[in-house]
Amino acid sequence: MHELGHAVMDEAYKDNFPAAPNCFPTHFIQAVSSAGCAWTEGFADWYQAAVYADPEYAGDGFTVGLEGPTWGTPDWDNGDAVEGRVAGAMNDIADSAAEPYWDNYGEGAPGHLWDTFLNHRSATFHDFWNQRGTDNFDVSDGPLGSLFQNTIDYGFRNPLADNQSLTRPDPLTPHNYHFTTTTVFWPVVALRPPAGADYDLFLYGDRPQTQLLAASQLGAGTTDFVAVDSNRRPLGDYYPQVRAISGHGPYQIELAQGASQLPAASSATIPMGANDVVAVRDVCGVTAGSTVTLTVTPSDPGQDAELFLMGSDPAQPSTFVQPRSASVAQAAGAGPGQPESLTYTATSAGCFGAVVVNKGGVGTYTLTRS
Ligand SMILES: [Zn+2]
């Protein structure tokens, strides 16, 4: 059936079969060959799987599953010059099954892939992907996640929903995200690394990630975050990136975004689960020279809070996006079960961002402005 897949491609391409360097005399489903070989062989591998509706390559006396391999799978190379990655990506586009962590997309049938295959001659899978876009089939972050699951990164930006943390494995390659600011408050994106690991957080203002707005690059075991003053910066799109500096293990990333103020002489209760990382409240009505005092108190002896106050300078737009290290006040050293408290005397009026980081634990924080 694999060889028939080659014949079908040759027929569809009118005997103009794509060049396939490094395919002969041998090629391996898990190994880098070339973009041309990975496309012609990956298509045939997928063709077989699609015909039998069985996501594996069945060779002569062995089988290779197409569903399981992802980043870090032993003996597998990465990218679109690996035929098994191409076959796995096509399988994950067509199937409805979601797989952790990035394949949450499926078309339920191979029809769209087939249409693009018949409509064009593709020299590589990258060609095929561009042609799929010109055919007006979905090439957005949903299917890009299916490709990323198979280590093919054509610009995937994992969407972040408001106030929902994601757990992701070791960033063996930079992990890229996307969120849109929708409320005129202080949103915060936070990255909590595993114990002993140093992962850093970069925030870009454009999808190609050429416009770096701020970076939070604190050391091992420290939650990095970047805050945006949407009171002053126009609503729009942001692109966080997580990079591993040292250490290994899964991490959490969360976008705190809402529309909640913490008025003077009031309290907010903030439940945090084990995977929850960050919450934010706007502290408005602050006048120059006035003092803000904030206290966060855990409900559980295992909860470890860190508390920050973020402020921007209306005369300096560069301060509208800033990392944890630029907070105007912070309290982070008291340890598990202990309240954290900070006091700040404002030098200018405005809305400040009160950021609560859940370093660890489960329970409900009480955030008080006095
Ligand atoms: Zn072949």
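Which residues form a nonpolar patch on the surface? The answer is M1, L4, V51 and Y52, which together have about 380 Å² of accessible area.

## Ground rules

This is a predicted model, in which local features need pLDDT of at least 70, side-chain atom pairs count only at pLDDT 80 or more, and totals for chains, interfaces and linings use all residues. Residues are numbered from 1 along each chain as its sequence is written, and side-chain values use heavy atoms, with hydrogens and water left out.

## The surface patch

Let's go back to that patch. Its members must have over 30% relative accessible area and no salt bridge; like charges are joined within 9 Å, and nonpolar side chains (Val, Leu, Ile, Met, Phe, Trp, Tyr) within 5 Å. The areas come from the Shrake-Rupley method with a 1.4 Å probe, and for residues only the protein chains shown count as cover.

One member, V51, sits in helix 2 (residues 35-52). Helices (H or I, at least four residues) and strands (E, at least two) are DSSP runs, numbered from the N terminus. V51 counts as partly exposed because its relative accessibility is 42%; buried means under 20% relative accessible area, exposed over 50%, and partly exposed in between (1.4 Å probe, protein chains only).

## Three salt bridges

Side chains of opposite charge can pair when their charged atoms come close. Here a salt bridge is a side-chain nitrogen of Lys or Arg within 4 Å of a carboxyl oxygen of Asp or Glu, and the count comes to three.

E107 pairs with R132, with 2.7 Å between the closest N and O atoms. This pair links distant parts of the chain, 25 residues apart: E107 is in the loop between helix 3 (83-94) and helix 4 (111-119), while R132 is in helix 5 (residues 125-134). R132 counts as buried, at 0% relative accessibility.

R207 bridges to D141, the closest N and O atoms being 2.8 Å apart. R207 lies in the loop between strand 7 (198-204) and strand 8 (212-216) and D141 in helix 6 (residues 141-149), so the pair ties together parts that are 66 residues apart in sequence. R207 is partly exposed at 31% relative accessible area, whereas D141 is buried at 13%.

E306 and R324 make another bridge, with closest N and O atoms 3.1 Å apart. E306 belongs to strand 15 (residues 304-310) and R324 to the loop between strand 16 (321-323) and strand 17 (329-331), so parts 18 residues apart in sequence are tied together. Both E306 and R324 are buried.

## Where the two domains meet

The domain assignment, whose bounds come from an automatic or database source, gives domain 1 (2-149) and domain 2 (158-369). Their C-alpha centres lie 40 Å apart. Seven residues of domain 1 are in contact (heavy atoms within 4.5 Å) with 10 residues of domain 2.

How much area is buried between domain 1 and domain 2? It is about 730 Å², with carbon and sulfur atoms giving 65%; buried area is the accessible area (1.4 Å probe) that two parts lose on being put together, summed over both. In domain 1, Y101, W102 and D141 lose the most area to domain 2, together 67% of what that side buries. One salt bridge is found across this interface.

## A buried serine

S122 is found in the loop between helix 4 and helix 5 and is buried, with a relative accessible area of 0%. Leaving aside residues up to four places away in sequence, S122 touches Y13, P18, W39, D127, F128 and Q131.
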